[in-house]
Amino acid sequence: MKNRARHENRWALALAAAVAAAVVAIGLAACGGGTVGGGNSGEVSTAEGGPATGKLTISNWPGYIDPGKNGTVAEFEKKTGVKVDYIEDINSNDGFFGKVQPLLEQGESGGRSIFVVADYMAKQMYDLGYLEEIDHADLPTVFENLEPSLRSPAFDPERKFSVPWQGGMTGIWVDTSKAPGIHSVNDLFDPKYKGKVTMLDELRETVPLVMLGEGVDPAKASADQWLHAIEKIGNAAESGQIRRFTGNEYTEDLTAGNLVAAIGWSGDASLIENPNAEWRMPTQGCTRWSENMVIPVGAPNTAAALAWMNFVFRPNVAVDITEWVEYISPVKGVKELLEERESELAESPIVFPTEQFTRNCTGQNTPPELERVNEAWQEVLTG
Amino acid sequence: MGLRQRLVPYWLLAPGLIWLVVFFVVPMYFMGELALRSGSLTSGYTFDWAWSNFPDSLSGHTEQIGRSFFYAGTATLLALLIAYPLAYAIAFRAGRFKALLLFAVIAPFFTTYLIRTIAWKTILSDSSPVVSVLQTLSLIPPDGRVLATSGAVIAGLTYNFLPFMILPLYANLERLDLRLVEAAKDLYSSSRQAFLRVTLPLTMPGIVAGVLLTFIPAFGDYVNAQILGGTSQAMVGNVIQSLYLNQRNYPEAAALSFLMMALILAMVVVYIRFAGTEAFMGDEEEEPA
């Protein structure tokens, strides 16, 4: 017994010593401590052009191109001899940023040469010094065929660091066999559909849709109005009205028949194997967004990355992408090519939305007091 | 004993120690340092002894911490109730099928954790046969579901960590000296008494090891809640993920990770004390004084 007590004392002493040593070590090291975050303070570099060879790694969202044997990626490989590693590892803007941020902070991109991210995320990355600038002289095909309306967006007026990939709308996917009557975001809060509804975990898409449903203009909304909408969503989550918050996974739930409706993206038909699923423009309007190819700092083989950008802006390539993904193409002449191919998509309001169709839609607005609003939103997501 | 001989044990320890230092002590140090920083991503996180990160990281997350306890505890209990009879049967009743049954216990591990968990999503989807059977038997309401409920998360945890319970129990039961049970019966104990007073106490080390191996990873798990859970099933792992990846609040994420580690450590210490170190380490010879 005595023996045991002595044993314990020794352990307690060792533990105390270890803790003390750790605290002292942390303190000492912190005096000379490096920084975490804060962005790269160095000069912004410009992506280097040149002949495309070697290997190219592209990070994109799932279902954003045909990665198959006869798809666009394979065609690029055949035409240029560049070996493409096309990875679909982006499931949400925030989640992807969180994953790569520590790398970018070190000036590395994890081998990737292109990311595809939303406008606000591209801007955020650029402001932190995580992106390389692009020289328009290296991108003749891109700027020859870029839709005029996309030439100088507010977040990057000179297209210094971003090249549009695809655009789309966030609205409601409805399983018409189960709930043909859903047209408004407000219908998603109808107790009839309890537990059969999902929403996206993107702050800038889901919350504005709910605000539109309440008659609030998200572009002019105050932080309190954002928080009010978040509270409404939070209550619905707590009551079990909302089944889950998702990224792309809502497409799986729709395929499995678990849902009557989901807040989702207009071009995701290729990911949803459910003939009754239909994307609907919410009565009170949608969220419009566009996504961009950007070149991160430390990107290897930027010449191949620039060649890729030029390649996907060839109208005959862009039309293949549109046919496969059904999003809004940034490339001029796609509509005419679709008409030549006698594709129904040429008439689709989802692929070629008219101003009348999107009259109530709003952009991907960033809320005032972002940190506070985002914290409230994250609390809802991890309720 | 020569110097060289005395150094041998240290040489043998070296690979393990180096591993621990490189993959545990060093990362722990960086995590501890991160937990004491403050600032934001845009301005950079600077080190300033920000102890307030610790209480801050707990505030507003007590519900998820409590939930993690409940889920991991329930899953551990269920795993124990399933694993004990199974391990017992494999150890004493399986005969020539012993190896095959053990293989069956381990076989799911040949598929990755994530794939197995996602497979459950298909099996348990609302229109699946499993769910309609449960509905017909009135075990869930007619419009009820399994996915995106607490039940699904607990079931996922139980399923995924079950082998960690079975294997230590089996290893322990396997070495059980059956003559002791016979002796108990010779002394007129019933089968039940023999089990409760001989078998069970002798297999305590297996139970303790199994409980620890199941509870600890289950407590920190976030995959099951992410994939099988719904809106009110987030566990503490999901909170840390959200703090780190979505809110970029690295210091609070690190502080919360630290607190959870300390909490588990404290619980394990109390648990081992309660169950007895002998139960954990096996029956050690008394050290000569």
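Modeller: The model is predicted. In it, nine residues of domain 1 of chain A are in contact with 10 residues of domain 2 of chain A.

Biologist: Which stretches make up domain 1 and domain 2 of chain A?

Modeller: Domain 1 covers 55-161 + 295-313, and domain 2 covers 168-288 + 361-381. Taken over C-alpha atoms, the centres of these two domains of chain A are separated by 27 Å.

Biologist: By class, what residues does domain 1 of chain A have on the side that touches domain 2 of chain A?

Modeller: That side of domain 1 has four nonpolar, four polar and one charged residues.

Biologist: Now the contact of chain B with chain A. How many residues of each chain are in contact?

Modeller: On the chain B side there are 38 residues, in contact with 34 residues of chain A. In chain B, the elements that give two or more residues to this side are α1 (3-35), β1 (37-40), β2 (44-47) and α12. Six residues come from α12(B), the largest share. By class, the chain B side has 14 nonpolar, 18 polar and six charged residues.

Biologist: And how should I read chain B as a whole?

Modeller: Begin with elements, extent and burial. Chain B has 14 helices and two strands. Its C-alpha atoms fill a box of roughly 75 × 75 × 35 Å along the principal axes. Of the 289 residues of chain B, 33% count as buried. Among contacts in chain B with a separation of 6 or more, 69% are between residues 24 or more positions apart.

Biologist: How is a pair of packed helices described?

Modeller: Two numbers are used: the angle between the helix axes and the distance between those axes. Take α12 (residues 236-246) and α13 (residues 250-275) of chain B: they pack at about 155 degrees, with axes 8 Å apart. Angles over 145 degrees count as roughly antiparallel, so α12(B) is roughly antiparallel to α13(B). The crossing in which α12(B) passes α13(B) is left-handed.

Biologist: Which residues make the contact between α12(B) and α13(B)?

Modeller: From α12(B) they are B:V236, B:V239, B:I240, B:L243 and B:Y244. From α13(B) they are B:Y250, B:E252, B:A253, B:L256, B:S257 and B:M260. By class, this contact has nine nonpolar, one polar and one charged residues.

Biologist: Is B:S57 buried or exposed?

Modeller: B:S57 counts as buried because it has 24 C-beta neighbours inside 10 Å. For a distance, B:S57 and B:Y159 are 102 residues apart in sequence and 30 Å apart in space, C-alpha to C-alpha.

Biologist: How many other C-beta atoms lie within 10 Å of B:A148?

Modeller: There are 26, so B:A148 is buried. B:W49 has 13 such atoms within 10 Å and is therefore partly exposed.

Notes:
Residues are numbered from 1 along each chain as its sequence is written. Chains are lettered from A and ligands numbered from 1 in the order in which they are written. This is a predicted model: local features need pLDDT of at least 70, side-chain atom pairs count only at pLDDT 80 or more; totals for chains, interfaces and linings use all residues. Axes are lines fitted to C-alpha atoms, for helices over the stretch in contact, and angles run from 0 to 180 degrees between N-to-C directions. Helices (H or I, at least four residues) and strands (E, at least two) are DSSP runs, numbered from the N terminus. Angles under 35 degrees count as roughly parallel, over 145 as roughly antiparallel, 65 to 115 as roughly perpendicular and the rest as oblique. A crossing is left-handed if the near helix is turned anticlockwise from the far one by less than a right angle, and right-handed if clockwise. Two residues are in contact if their C-beta atoms, placed from the backbone, lie within 7 Å. Ala, Val, Leu, Ile, Met, Phe, Trp, Tyr, Cys and Pro count as nonpolar, Asp, Glu, Lys and Arg as charged, and the others, Gly among them, as polar. A residue is buried if 20 or more other C-beta atoms lie within 10 Å of its own, exposed if 12 or fewer, and partly exposed in between; C-beta atoms are placed from the backbone. Domain bounds come from an automatic or database domain assignment.
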